[in-house]
Amino acid sequence: MDYAPLGTTGFNISPIVFGGNVFGWTLDEAESFKILDAFIDHGFDTIDTADVYSAWADGNSGGESETVLGNWFAARPGMRDKVKLFTKVGSDLGGDGQKGLGADWISAAIDNSLSRLQTDYVDLYFSHWPDDSVTHAETLGAYDALLKSGKIRAIGASNYDETLLRAALDTSVSEGLPAYQVIQPEYNLYDRDALDGGLRELCLKKNIGVVTYFSLAAGFLSGKYRSKDDLGGRQRDGMVEKYLTERGMKLIDVLEDVAALHNAKPAEVALAWLIARDGVAAPIASATSLSQVASFAKAAELSLTDEDMSRLTNA
């Protein structure tokens, strides 16, 4: 399996990053362990989570995903050293002051995450959402302290647009502070506005790594949804309805055509398109079955032709 350098972080990552939002939500701990074991067995090594995962599920308050991962590391001696681990700070956890990118909360939040993850460092720490109540200098200064302490090894920003990222990079230069090395935008074959254009050009120019989330458009790019009748009331089905448009159907038609040429599934082609996309280091994708993890492996090995890429991009 080919591993790719992630911007200026100094480490390489697998061609697909596992999205840990499903741990403690659509997967219980035992099933999570099975999926994680399979992911590693297929040769992948990179996992993304966040302190807020999965607070939206009934009975949860955040931290569930990190807790499952920490228990998995504890049950698999030596596994932590084999994995590139991402987590995030900034989402609202519901408590007094437990949100945002202020220095005090970042300092407390990383310790909380490390405790749940049962590790003494994370490879990549993300600002989950922009926070206009604090300056870039305060946030980056907090990350500087964490980098120097060894609690984190690289920093990134999720959901930052070109203007915001550029301002943060300018602050890094003017204040002598560490710069964001990775960006995590919503990006897939259907949703491209968050990255394509100025942000992608900036990332290419500054060698900022890109890992994409919602890489399969909440499952729409699997091709199994053609109408509202296909929405079966499952956890993510409500997110799919917005894609059931004329444009969406035309995209699925092309996706299925290309998949047929490669004896592949539409989801595998959609991930392969992201892997091959200029400026993208790796897509983030979640799985809730062993067969889906096996599909990740096939997507990582799939070689799309220039014509395939053009058809998909133009669709």
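Serine 14 touches Met1, Tyr3, Phe44, Asp45, Thr46 and Ala282, leaving aside its neighbours within four places in sequence; contact here means heavy atoms within 4.5 Å. This is a predicted model, in which local features need pLDDT of at least 70 and side-chain atom pairs count only at pLDDT 80 or more, while totals for chains, interfaces and linings use all residues. Residues are numbered from 1 along each chain as its sequence is written, and side-chain values use heavy atoms, with hydrogens and water left out.

Where is serine 14 found? Serine 14 is in the loop between strand 2 (12–13) and strand 3. Helices (H or I, at least four residues) and strands (E, at least two) are DSSP runs, numbered from the N terminus. Serine 14 counts as buried because its relative accessible area is 0%; buried means under 20%, exposed over 50%, and partly exposed in between, with a 1.4 Å probe and protein chains only.

Next, valine 22, which sits in the loop between strand 3 (17–19) and helix 1. Its relative accessibility is 3%, so valine 22 is buried. Neighbours within four places in sequence aside, valine 22 is in contact with Leu27, Ser286, Ala287 and Thr288. Valine 22 and threonine 288 are 266 residues apart along the chain, yet their C-alpha atoms are separated by 7.5 Å.

Aspartate 144 belongs to helix 4 (residues 136–149). With a relative accessible area of 17%, aspartate 144 is buried too. Not counting residues up to four places away in sequence, aspartate 144 touches Leu177 and Pro178.

Now a pair of helices. Helix 1 (residues 29–41) and helix 2 (residues 64–75) pack at an angle of about 65 degrees, their axes 10 Å apart. Axes are lines fitted to C-alpha atoms, for helices over the stretch in contact, and angles run from 0 to 180 degrees between N-to-C directions. Helix 1 contributes Glu29, Ser32, Phe33, Leu36, Asp37 and Ile40 to the contact, and helix 2 contributes Val68, Leu69, Asn71, Trp72 and Ala75.

Last, a pocket. Which residues lie nearest the centre of the second largest pocket? They are Asp2, Pro15, Ile275, Ala300 and Glu301, out of 15 lining residues. A pocket is an open set of points on a 1 Å grid over the protein atoms alone, where a 1.4 Å probe fits, with protein on both sides within 12 Å along at least five of seven lines; lining residues have an atom within 4 Å of a point. Helix 9 (266–276) and helix 10 (290–301) each supply at least two residues of this lining.
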